Amino acid sequence: MQSIIVLGNGQLSRMLRQAGELLGIMVYPVNFNSDLNHIPISNSVIIAEIEYWPKNSVIENLRHHISFINRHIFPLIVDRLEQKKMLNSLKMSTVPWQALSNRHDWPNIFDVLGESVIVKSRFGGYDGHSQWHVNPQKTHEIPDLCYGKCIVERKVNFIKEVSIIGARNKEGETVFYPLTNNLHEKGILLISSTVPQVNPFYQKQAENMLKIIMQTLNYIGVMTMECFITSEGLLINELAPRVHNSGHWTQNGASISQFELHLRSVLNLALPSPIVFGYSVMINLIGILINFEWFKQPILHLHWYNKKVIKGRKVGHLNLHDYNQSRLKTALNSLISQFPVDYSNAIKWATANISCIKNREDSMQY
Ligand code: AMP
């Protein structure tokens, strides 16, 4: 049996393991406490569910291992500064940015980027953590330790936030899912929606960009590119060299999930283009308990991570999927009263997204 070790043992590893079970592939999530004695390291392929790891002997051992796929790429992507430099060297449009070296940089930063900016840690920030929204009156709020360790980005007035998920194998073949629309709340993804007939212009552009990035890096596996659609076109926000929260809908809305696609590409198994069955919505369960009333919806799938429910923590997600738009809309509508009130607008947003695509012209509207 083929086996895969995943660095990190959170929900992404858990779902990779679940996808592996169906394919007869053993997936071993590991963290820094794991006992590696019972894991067949020499016969396994090593991948990662997170980009930034604490320094630790278990992790270091696996990180430099010859079987760790993409090990040459992680240092580039894990550092936002290096990632942006790499993207710009490939002539990819990113959100305008600057390095933050010291406090004297601020006047120049505001001149170049405008007065509303976001400071982001070069390493380890995710879900809006280690990010500060700054204007000229607030620079004193930036902790000293940020200087030299952060970048600054223009705060973009985007029309939509989208992501594209693609995969590449050893032979250089690539496949992609349709663009996913994403809605974040305080930096955390709350809800995603996908329709089969996405805007062909942005789809093609995003596929071309991600393809060039994966080819240039000689990357193998699933990669996610998060973007903003702005009046200036598609701007890359960031890359994730792995499966991604915005691709969770593929578990129920596509013939091959992103988790299976990742396993297939790193093991060099067949990599056909996933077929997308219809309209999908993914709702992140953030700090909320399971409500068994949800199960009255026949098109709803719960994916629960078996974590302690803590405020602000992702503990599971719901996938709703149907080829029939109005049935999906009815199901979404019935969820509004079963969710905390702060989800209402997000659920309405997803309903509007799946409703507005009636024909090709409509789909061009964003
Ligand atoms: P990140 O961790 O960089 O993906 O940021 C989390 C979320 O914050 C993004 O998905 C956006 O919703 C928002 N965000 C991040 N960077 C920017 C930016 N430069 N301009 C506007 N919103 C942003």
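I began with the largest cavity, whose lining draws at least three residues from each of domain 1 (3–68) and domain 3 (160–363), the domain bounds coming from an automatic or database domain assignment. The model is a predicted one, in which local features need pLDDT of at least 70 and side-chain atom pairs count only at pLDDT 80 or more, while totals for chains, interfaces and linings use all residues. Residues are numbered from 1 along each chain as its sequence is written, and side-chain values use heavy atoms, with hydrogens and water left out.

For the search I noted the terms: on a 1 Å grid over the protein atoms alone, a cavity is a set of points where a 1.4 Å probe fits but cannot get out, a pocket is an open set with protein on both sides within 12 Å along at least five of seven lines, and lining residues have an atom within 4 Å of a point. Over the whole structure, two cavities of 30 Å³ or more turn up, and the largest cavity holds about 40 Å³ of space, a volume being the space filled by probe spheres set on the points. Among the residues lining the largest cavity I listed Phe68, Phe74, Tyr219 and His262; its lining has nine nonpolar, two polar and no charged residues.

Next I turned to the second largest pocket, with a volume of about 370 Å³. Its lining includes Glu185, Lys186, Lys311 and Asp342, and by class it has six nonpolar, two polar and four charged residues.

Of the 17 residues around the ligand (a heavy atom within 4 Å), Lys120, Glu153, Val156, Glu161 and Glu238 come nearest; the shell divides into five nonpolar, five polar and seven charged residues.

For polar contacts (pairs of N or O atoms within 3.5 Å), I recorded that a polar side-chain atom of Glu153 lies 2.9 Å from a nitrogen atom of the ligand, and that a backbone N or O atom of Val156 lies 2.8 Å from a ligand nitrogen atom. A polar side-chain atom of Asn237 lies 3.1 Å from an oxygen atom of the ligand. The protein covers 92% of the 470 Å² of accessible area (Shrake-Rupley method, 1.4 Å probe) that the ligand has on its own.

Definitions and conventions:
Polar contact = N/O pair within 3.5 Å; in protein donor to acceptor, adjacent residues only side chain to side chain. Nonpolar A, V, L, I, M, F, W, Y, C, P; charged D, E, K, R; others polar.
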